[in-house]
Amino acid sequence: MDDLESLAAEIDRASTVVALTGAGISAPSGVPTFRGDDGVWEHFDEGQFTYGRFQRDPAGFWDDRGDLQRELFGEAYEPNAAHVALAELAAEGYLDAVVTQNTDGLHRDATARVRGATADGENDTTDESEGTDHEILELHGNARRVRCVDCGRRQDADPVFERAEDGDLPPRCDCGGTFKPDVVLFGEQLPGAVIQRARTLAGESDVFLAIGSSLVVQPAASLPRQAAADGTLAVINLEETPCDGDAAVVCRADVTEAVPRLRELVR
Ligand SMILES: [Zn+2]
(Lines give C-alpha, C1' and ligand atoms only; values in the text may rest on other atoms or scores of the structure.)
Protein backbone atom coordinates (compact mmCIF):
# COMPACT_ATOMS: atom_id res chain seq x y z
CA MET A 1 0.00 0.00 0.00
CA ASP A 2 1.54 3.30 -0.98
CA ASP A 3 1.08 6.57 0.86
CA LEU A 4 -1.76 7.80 -1.32
CA GLU A 5 -3.65 4.54 -0.81
CA SER A 6 -3.44 4.81 2.96
CA LEU A 7 -4.41 8.50 2.70
CA ALA A 8 -7.41 7.59 0.55
CA ALA A 9 -8.50 5.07 3.19
CA GLU A 10 -8.22 7.77 5.87
CA ILE A 11 -10.33 10.14 3.76
CA ASP A 12 -12.94 7.44 3.35
CA ARG A 13 -13.15 6.96 7.13
CA ALA A 14 -12.96 10.65 8.06
CA SER A 15 -16.01 12.72 8.86
CA THR A 16 -14.34 16.07 8.08
CA VAL A 17 -11.77 16.55 5.34
CA VAL A 18 -10.29 19.96 4.56
CA ALA A 19 -7.86 20.96 1.80
CA LEU A 20 -5.55 23.95 1.90
CA THR A 21 -4.17 25.06 -1.45
CA GLY A 22 -1.49 27.50 -2.56
CA ALA A 23 0.13 28.83 -5.72
CA GLY A 24 1.43 25.39 -6.66
CA ILE A 25 -2.05 24.18 -7.58
CA SER A 26 -2.64 27.07 -9.99
CA ALA A 27 0.82 27.24 -11.57
CA PRO A 28 -0.02 24.26 -13.86
CA SER A 29 -2.97 26.33 -15.17
CA GLY A 30 -0.48 29.01 -16.19
CA VAL A 31 -1.42 31.49 -13.47
CA PRO A 32 1.70 33.58 -12.82
CA THR A 33 3.23 33.23 -9.38
CA PHE A 34 4.07 36.33 -7.36
CA ARG A 35 7.41 35.30 -5.96
CA GLY A 36 10.48 33.52 -7.19
CA ASP A 37 12.17 33.52 -10.58
CA ASP A 38 10.03 35.26 -13.15
CA GLY A 39 7.39 35.93 -10.47
CA VAL A 40 5.10 38.90 -10.94
CA TRP A 41 7.09 40.97 -8.44
CA GLU A 42 10.11 40.72 -10.72
CA HIS A 43 8.18 42.90 -13.20
CA PHE A 44 6.09 45.03 -10.85
CA ASP A 45 6.99 47.09 -7.80
CA GLU A 46 4.97 45.55 -5.00
CA GLY A 47 5.31 48.82 -3.08
CA GLN A 48 2.84 50.40 -5.52
CA PHE A 49 0.11 47.94 -4.60
CA THR A 50 -0.09 48.40 -0.85
CA TYR A 51 -3.18 49.18 1.18
CA GLY A 52 -1.49 52.41 2.24
CA ARG A 53 -1.18 53.55 -1.36
CA PHE A 54 -4.78 52.57 -2.10
CA GLN A 55 -5.88 54.79 0.79
CA ARG A 56 -3.56 57.71 -0.07
CA ASP A 57 -3.85 57.65 -3.85
CA PRO A 58 -6.73 55.45 -5.03
CA ALA A 59 -6.62 56.90 -8.57
CA GLY A 60 -2.90 56.13 -9.02
CA PHE A 61 -3.37 52.74 -7.39
CA TRP A 62 -6.16 51.83 -9.83
CA ASP A 63 -4.16 53.11 -12.79
CA ASP A 64 -1.24 50.79 -11.93
CA ARG A 65 -3.45 47.95 -10.79
CA GLY A 66 -4.92 47.69 -14.29
CA ASP A 67 -1.48 46.76 -15.65
CA LEU A 68 -1.04 44.19 -12.90
CA GLN A 69 -4.49 42.74 -13.51
CA ARG A 70 -3.69 42.30 -17.20
CA GLU A 71 -0.44 40.52 -16.34
CA LEU A 72 -2.28 38.27 -13.88
CA PHE A 73 -5.57 37.63 -15.68
CA GLY A 74 -5.05 38.90 -19.22
CA GLU A 75 -5.55 35.34 -20.36
CA ALA A 76 -8.48 33.29 -19.22
CA TYR A 77 -7.14 30.48 -17.06
CA GLU A 78 -8.83 27.14 -16.76
CA PRO A 79 -8.95 24.93 -13.69
CA ASN A 80 -6.57 21.98 -14.06
CA ALA A 81 -6.89 18.31 -13.12
CA ALA A 82 -6.03 19.03 -9.46
CA HIS A 83 -8.75 21.70 -9.08
CA VAL A 84 -11.25 19.42 -10.79
CA ALA A 85 -10.31 16.37 -8.67
CA LEU A 86 -10.89 18.39 -5.48
CA ALA A 87 -14.24 19.65 -6.79
CA GLU A 88 -15.19 16.05 -7.62
CA LEU A 89 -14.17 14.81 -4.17
CA ALA A 90 -16.35 17.57 -2.71
CA ALA A 91 -19.28 16.73 -4.99
CA GLU A 92 -18.96 13.08 -3.95
CA GLY A 93 -19.13 14.09 -0.30
CA TYR A 94 -15.52 13.33 0.65
CA LEU A 95 -14.24 16.89 0.95
CA ASP A 96 -15.92 19.46 3.18
CA ALA A 97 -13.92 22.61 2.57
CA VAL A 98 -11.19 24.13 0.46
CA VAL A 99 -9.15 26.87 2.11
CA THR A 100 -7.05 28.63 -0.50
CA GLN A 101 -4.28 31.20 -0.54
CA ASN A 102 -4.99 31.83 -4.21
CA THR A 103 -7.04 34.75 -5.51
CA ASP A 104 -7.63 33.36 -9.02
CA GLY A 105 -11.09 31.88 -8.39
CA LEU A 106 -10.17 28.56 -10.05
CA HIS A 107 -11.65 26.41 -7.26
CA ARG A 108 -15.00 28.12 -7.89
CA ASP A 109 -14.62 27.58 -11.64
CA ALA A 110 -13.84 23.89 -11.10
CA THR A 111 -16.84 23.51 -8.81
CA ALA A 112 -19.12 25.15 -11.37
CA ARG A 113 -17.74 22.85 -14.04
CA VAL A 114 -18.25 19.71 -11.95
CA ARG A 115 -21.75 20.83 -10.96
CA GLY A 116 -22.58 21.48 -14.61
CA ALA A 117 -21.40 17.98 -15.50
CA THR A 118 -23.45 16.51 -12.66
CA ALA A 119 -26.56 18.44 -13.64
CA ASP A 120 -26.31 17.05 -17.16
CA GLY A 121 -25.60 13.52 -15.99
CA GLU A 122 -28.31 10.93 -15.56
CA ASN A 123 -27.12 9.78 -12.14
CA ASP A 124 -27.97 13.08 -10.51
CA THR A 125 -30.55 11.91 -8.03
CA THR A 126 -30.24 14.64 -5.44
CA ASP A 127 -33.25 16.90 -5.05
CA GLU A 128 -31.21 19.78 -3.77
CA SER A 129 -27.70 20.91 -4.49
CA GLU A 130 -27.07 21.44 -0.77
CA GLY A 131 -25.76 17.91 -0.40
CA THR A 132 -22.85 18.62 -2.71
CA ASP A 133 -22.08 22.08 -1.39
CA HIS A 134 -18.70 22.57 0.10
CA GLU A 135 -17.11 25.64 1.49
CA ILE A 136 -14.45 27.56 -0.44
CA LEU A 137 -12.65 29.93 1.87
CA GLU A 138 -10.44 32.38 -0.04
CA LEU A 139 -7.97 33.57 2.60
CA HIS A 140 -6.65 36.44 0.50
CA GLY A 141 -9.84 37.24 -1.38
CA ASN A 142 -10.67 36.95 -5.06
CA ALA A 143 -8.92 39.13 -7.63
CA ARG A 144 -11.69 38.62 -10.14
CA ARG A 145 -14.06 40.60 -7.93
CA VAL A 146 -14.06 44.13 -6.57
CA ARG A 147 -15.67 45.34 -3.37
CA CYS A 148 -16.99 48.78 -2.42
CA VAL A 149 -15.13 50.01 0.64
CA ASP A 150 -18.26 51.83 1.89
CA CYS A 151 -21.28 49.59 1.32
CA GLY A 152 -19.41 46.30 0.86
CA ARG A 153 -21.09 45.47 -2.46
CA ARG A 154 -19.10 42.95 -4.49
CA GLN A 155 -19.13 42.62 -8.24
CA ASP A 156 -17.24 41.20 -11.18
CA ALA A 157 -13.91 42.99 -11.59
CA ASP A 158 -13.73 43.10 -15.40
CA PRO A 159 -16.19 45.98 -16.09
CA VAL A 160 -14.64 47.99 -13.25
CA PHE A 161 -11.14 47.55 -14.66
CA GLU A 162 -12.50 48.61 -18.05
CA ARG A 163 -13.87 51.79 -16.52
CA ALA A 164 -10.52 52.48 -14.86
CA GLU A 165 -8.78 51.94 -18.17
CA ASP A 166 -11.13 54.47 -19.77
CA GLY A 167 -10.01 57.03 -17.20
CA ASP A 168 -12.71 56.65 -14.56
CA LEU A 169 -10.24 56.90 -11.67
CA PRO A 170 -10.77 55.69 -9.09
CA PRO A 171 -13.83 53.67 -10.11
CA ARG A 172 -16.72 54.15 -7.70
CA CYS A 173 -19.76 52.21 -6.62
CA ASP A 174 -23.31 53.58 -7.13
CA CYS A 175 -23.20 54.61 -3.46
CA GLY A 176 -20.18 56.84 -4.11
CA GLY A 177 -17.71 54.57 -2.30
CA THR A 178 -14.43 53.60 -3.95
CA PHE A 179 -14.08 50.11 -5.35
CA LYS A 180 -11.13 48.06 -4.16
CA PRO A 181 -9.92 44.79 -5.64
CA ASP A 182 -11.54 42.16 -3.38
CA VAL A 183 -8.16 40.91 -2.21
CA VAL A 184 -6.06 41.44 0.86
CA LEU A 185 -3.43 44.01 -0.13
CA PHE A 186 0.05 44.32 1.36
CA GLY A 187 -0.27 46.10 4.66
CA GLU A 188 -3.91 45.16 5.00
CA GLN A 189 -5.05 42.74 7.68
CA LEU A 190 -6.84 39.57 6.76
CA PRO A 191 -10.44 39.75 7.98
CA GLY A 192 -10.55 38.26 11.47
CA ALA A 193 -13.62 36.19 10.61
CA VAL A 194 -11.76 34.56 7.73
CA ILE A 195 -8.79 33.60 9.89
CA GLN A 196 -11.09 32.33 12.60
CA ARG A 197 -13.04 30.22 10.12
CA ALA A 198 -9.83 28.73 8.71
CA ARG A 199 -8.66 27.82 12.24
CA THR A 200 -12.01 26.25 13.04
CA LEU A 201 -11.86 24.15 9.86
CA ALA A 202 -8.29 23.06 10.59
CA GLY A 203 -9.28 22.14 14.15
CA GLU A 204 -12.35 20.18 13.04
CA SER A 205 -10.62 18.27 10.26
CA ASP A 206 -9.85 14.57 10.64
CA VAL A 207 -7.79 14.76 7.46
CA PHE A 208 -6.10 17.97 6.33
CA LEU A 209 -4.58 18.04 2.85
CA ALA A 210 -1.98 20.76 2.23
CA ILE A 211 -1.67 20.95 -1.55
CA GLY A 212 0.71 23.07 -3.63
CA SER A 213 1.63 25.45 -0.85
CA SER A 214 5.10 26.17 0.47
CA LEU A 215 3.34 26.71 3.86
CA VAL A 216 5.47 29.69 4.83
CA VAL A 217 2.94 32.56 4.65
CA GLN A 218 0.58 33.04 7.58
CA PRO A 219 -2.06 32.01 8.33
CA ALA A 220 -1.55 29.07 5.96
CA ALA A 221 1.73 28.23 7.70
CA SER A 222 0.12 27.47 11.05
CA LEU A 223 -3.04 25.68 9.88
CA PRO A 224 -1.38 22.33 9.00
CA ARG A 225 0.30 22.04 12.41
CA GLN A 226 -2.96 22.86 14.10
CA ALA A 227 -4.69 20.17 12.06
CA ALA A 228 -1.93 17.64 12.74
CA ALA A 229 -2.36 18.02 16.51
CA ASP A 230 -5.41 15.73 16.49
CA GLY A 231 -5.85 14.68 12.90
CA THR A 232 -4.01 13.37 9.88
CA LEU A 233 -1.93 15.88 7.93
CA ALA A 234 -0.90 15.13 4.36
CA VAL A 235 1.41 17.41 2.37
CA ILE A 236 1.31 17.18 -1.41
CA ASN A 237 3.89 19.57 -2.83
CA LEU A 238 6.82 19.45 -5.24
CA GLU A 239 9.17 21.05 -2.74
CA GLU A 240 9.84 20.53 0.94
CA THR A 241 7.71 22.47 3.39
CA PRO A 242 8.31 23.39 7.04
CA CYS A 243 5.31 21.19 7.97
CA ASP A 244 6.61 17.96 6.40
CA GLY A 245 7.82 16.75 9.79
CA ASP A 246 4.28 16.99 11.19
CA ALA A 247 2.72 15.15 8.27
CA ALA A 248 1.64 11.50 8.31
CA VAL A 249 1.93 11.50 4.51
CA VAL A 250 4.31 13.58 2.41
CA CYS A 251 3.80 13.27 -1.33
CA ARG A 252 6.51 14.96 -3.35
CA ALA A 253 4.68 15.01 -6.66
CA ASP A 254 3.06 17.11 -9.34
CA VAL A 255 -0.33 18.06 -7.91
CA THR A 256 -2.06 17.53 -11.26
CA GLU A 257 -1.05 13.86 -11.05
CA ALA A 258 -1.22 13.21 -7.31
CA VAL A 259 -4.63 14.77 -6.57
CA PRO A 260 -6.53 13.01 -9.40
CA ARG A 261 -4.85 9.75 -8.36
CA LEU A 262 -5.93 10.32 -4.77
CA ARG A 263 -9.46 10.96 -5.95
CA GLU A 264 -9.44 7.70 -7.94
CA LEU A 265 -8.21 5.80 -4.87
CA VAL A 266 -10.89 7.24 -2.59
CA ARG A 267 -13.76 5.76 -4.53
ZN1 LIG B 1 -21.00 51.06 -2.40
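This is a predicted model: local features need pLDDT of at least 70, side-chain atom pairs count only at pLDDT 80 or more; totals for chains, interfaces and linings use all residues.
Student: What makes β8 and β9 count as paired?

Tutor: Two strands pair if at least two bridges are found between them. Here β8 and β9 have 3 bridges, in the parallel sense, so they qualify under that cut-off of at least two.

Student: Why is β9 called an edge strand?

Tutor: Follow the order of the open sheet of 6 strands, which goes β3-β2-β1-β7-β8-β9 with parallel pairing. Both β3 and β9 (249-251) pair on one side only, and that makes them the edge strands. On average, neighbouring strands in this sheet are turned by 15 degrees against each other, direction ignored.

Student: What makes β8 largely enclosed?

Tutor: Buried means under 20% relative accessible area. In β8 (residues 232-236), 5 of the 5 residues are buried, so the rest of the structure largely encloses the strand. Thr232, Ala234 and Ile236 point one way, Leu233 and Val235 point the other way, and all are buried.

Student: How do you get from β7 to β8, and which hand does the crossover have?

Tutor: The chain goes from β7 through helix α10 (residues 223-229) to β8, a β-α-β crossover that is right-handed. That hand is assigned because, with the strands pointing away from the viewer, the path over the helix runs clockwise. The two strands run parallel, with 5 bridges joining β7 to β8.

Student: Which residues stand opposite or bridge to Phe208?

Tutor: Val18 stands opposite Phe208 in β7, and in β8 the bridge partner of Phe208 is Leu233. As for the strands themselves, β1 (residues 17-21) and β7 (residues 207-211) run parallel and are joined by 5 bridges.

Student: Is His140 buried or exposed, and how do you know?

Tutor: Its relative accessibility is 16%, and the cut-off for buried is under 20%, so His140 counts as buried. His140 sits in the loop between β3 (135-138) and β4 (141-148). A polar atom of its side chain lies 3.1 Å from the backbone oxygen of Gln101. UniProt, in an unreviewed entry, places the feature "active site" at His140.

Student: What makes helix α6 largely enclosed?

Tutor: Count its buried residues: 8 of the 11 in α6 (residues 81-91) are buried, so the rest of the structure largely encloses the helix. Among them are His83, Val84 and Leu89. At the start of α6, a side-chain oxygen of Asn80 comes within 2.8 Å of the backbone nitrogen of Ala82. After the helix comes Gly93, with a positive phi near 90 degrees.

Technical notes: Residues are numbered from 1 along each chain as its sequence is written. Side-chain values use heavy atoms; hydrogens and water are left out. UniProt positions are given in the numbering used here, feature names are shortened, and annotations may be inferred rather than shown by experiment. Helices (H or I, at least four residues) and strands (E, at least two) are DSSP runs, numbered from the N terminus. Buried means under 20% relative accessible area, exposed over 50%, partly exposed in between (1.4 Å probe, protein chains only). A polar contact is a pair of N or O atoms within 3.5 Å; within protein, one must be able to donate a hydrogen and the other to accept it, and residues adjacent in sequence count only if both atoms are side-chain atoms. Axes are lines fitted to C-alpha atoms, for helices over the stretch in contact, and angles run from 0 to 180 degrees between N-to-C directions.
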